[in-house]
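I opened this model to look up its ligand sites and a few backbone points. My notes follow in the order in which I worked.

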Amino acid sequence: MRVLVTGGAGFIGAQIVRALVSAGHEAVVFDALLSTAHPDASYQPPPGTQAVIADLRDAERVAGALTGVDAVCHQAAMVGLGKDFADAPEYVGCNDLGTAVLLAGMAAAGVRDLVVAGSMVVYGEGRYDCPRHGTVRPGPRADADLAAGRFEPYCPRCGAELLPGLVSEDAPADPRNVYAATKLAQEHLASSWARDTGGRAVSLRYHNVYGPGMPRDTPYAGVASFFRSSLARDEAPQVFEDGAQRRDFVHVRDVAAANTVALTALGDRRRGSFAAYNTGSGEPHTIGEMASALASACGGPDPVVTGGYRLGDVRHVTADSRRLRDELGWKPEVGFADGMAEFAAAPLRGGTA
Ligand SMILES: NC(=O)c1ccc[n+]([C@@H]2O[C@H](COP(=O)([O-])OP(=O)(O)OC[C@H]3O[C@@H](n4cnc5c(N)ncnc54)[C@H](O)[C@@H]3O)[C@@H](O)[C@H]2O)c1
Ligand SMILES: [Zn+2]
């Protein structure tokens, strides 16, 4: 199979390219080398792999890259929370206009198979249960609560403390920031494309992906990269809130494997269909645990819990990844302790840190 991997120079895309090639497939990388993700703009495709360095919003370059392609693995996106709202047009441009141009190109070229990098950010907060009211959906947390150290969301009906649980793919979407809104729109665009063209689309909603080749800390990187970069400078990781936020850390090689599994299974899917799959390790951990695991693996200073916060952050989000295991037979191979130990020693991208 010849697969166009958009964002193939990125953290996850590069591992997908590697996984595809080692499974005997052909990969074509399409990547703009965004400066937010590639501060030094250097990229060498793996030997034997073709790379198109262009922006997805360039319809001509997209059309050219789609020649002879059997399926598209769409990883390109501007990621992270960004600096401030001024970044919104660029997020929407890269993620949604870029996706629309790609899908229009696929429609014209007759490419009908698509795997798209989704995200658990589409859920907003995770699942919560109130002892009296069952499953409830707390609204965004108020600045005043966060500033006062009240980090846990409470029941919108009775104010009780809530128990966090696992989100399923059927939970309603509730994107809480610009990036999350663009990731949800990507899925809606993919779904419309599939219906219109008889295409087959799968979104893999990744959790917190970590591992070698993660970008260095920038406002566009993930929390594991912030901690890892601090430790490389021999500084203590700064943990926001009280460190008890729950996440699902999934290793980048497991995410790459989920993509190859999903791509090879597309042929069995119904035409005109779209489906989303949570892609997580299934083992929730707190941000504080992750910081400690990295600090001890690096032999660096212990993390410092700062009580700081970012309004766009959600408290807990962990999802049930059973559907991906049951329907596609994927299973994560890298455990938390081993993965964090490897990550502590691995180089980050865009620097020596
Ligand atoms: N890292 C995570 O924890 C995580 C979690 C959930 C979802 N995702 C999704 O996974 C995908 C890959 O993310 P990543 O962590 O590898 O990020 P990354 O920044 O390392 O990779 C994204 C790549 O896309 C490229 N790109 C962005 N906009 C483009 C455009 N308009 N045209 C061409 N190329 C463009 C960038 O240059 C970059 O190489 C993204 O879609 C992201 O939303 C990542
Ligand atoms: Zn209640």
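Predicted model: local features only at pLDDT ≥ 70, side-chain atom pairs only at ≥ 80, totals over all residues.

**Ligand 1: the shell**

Residues are numbered from 1 along each chain as its sequence is written, chains are lettered from A and ligands numbered from 1 in the order in which they are written, and side-chain values use heavy atoms, with hydrogens and water left out.

I took helices (H or I, at least four residues) and strands (E, at least two) as DSSP runs, numbered from the N terminus.

**Ligand 1: polar contacts and cover**

I listed polar contacts, meaning pairs of N or O atoms within 3.5 Å; within protein, one must be able to donate a hydrogen and the other to accept it, and residues adjacent in sequence count only if both atoms are side-chain atoms. A polar backbone atom of A32 lies 3.0 Å from a nitrogen atom of ligand 1. At D55, a side-chain N or O atom is 3.2 Å from a nitrogen atom of the ligand. Q75 uses a backbone N or O atom, 2.9 Å from an oxygen atom of ligand 1. On its own, ligand 1 has 830 Å² of accessible area, and the protein covers 95% of that. The areas come from the Shrake-Rupley method with a 1.4 Å probe; for residues, only the protein chains shown count as cover.

**Zinc site**

Next I checked ligand 2, a zinc ion. Its protein donors are C130 (SG), H133 (ND1), C155 (SG) and C158 (SG), at 2.1 to 2.4 Å. Donors are N, O and S atoms within 2.8 Å of the metal (3.2 Å for Na, K and Ca); water is not among the atoms, so sites may look incomplete. Along the chain, the donor spacing reads C-x2-H-x21-C-x2-C.

Why do I call the arrangement tetrahedral? Because the 4 donor atoms subtend angles of 107 to 114° around the zinc ion. Four donors pass as tetrahedral if all angles lie between 85 and 135 degrees. The ideal angle for four tetrahedral donors is 109.5 degrees. C130 counts as buried because its relative accessibility is 5%. The classes are buried under 20% relative accessible area, exposed over 50% and partly exposed in between (1.4 Å probe, protein chains only).

**Positive phi**

Most residues other than glycine have a negative phi. I noted L33, whose phi is near 50°. L33 sits in the loop between β2 (26-31) and β3 (50-53). At 15% relative accessibility, L33 is buried.

D234 also has a positive phi, about 65°, and is not a glycine. I located D234 in the loop between α6 (223-232) and β11 (238-239). Is D234 buried or exposed? D234 is exposed, at 58% relative accessible area.

E125 is in the loop between β5 and β6 (127-130). E125 is buried, at 5% relative accessible area. Q186 belongs to helix α5 and is buried, at 1%.

Note on methods: Tetrahedral: all angles 85-135°; square planar, octahedral: opposite > 155°, others 65-115°.
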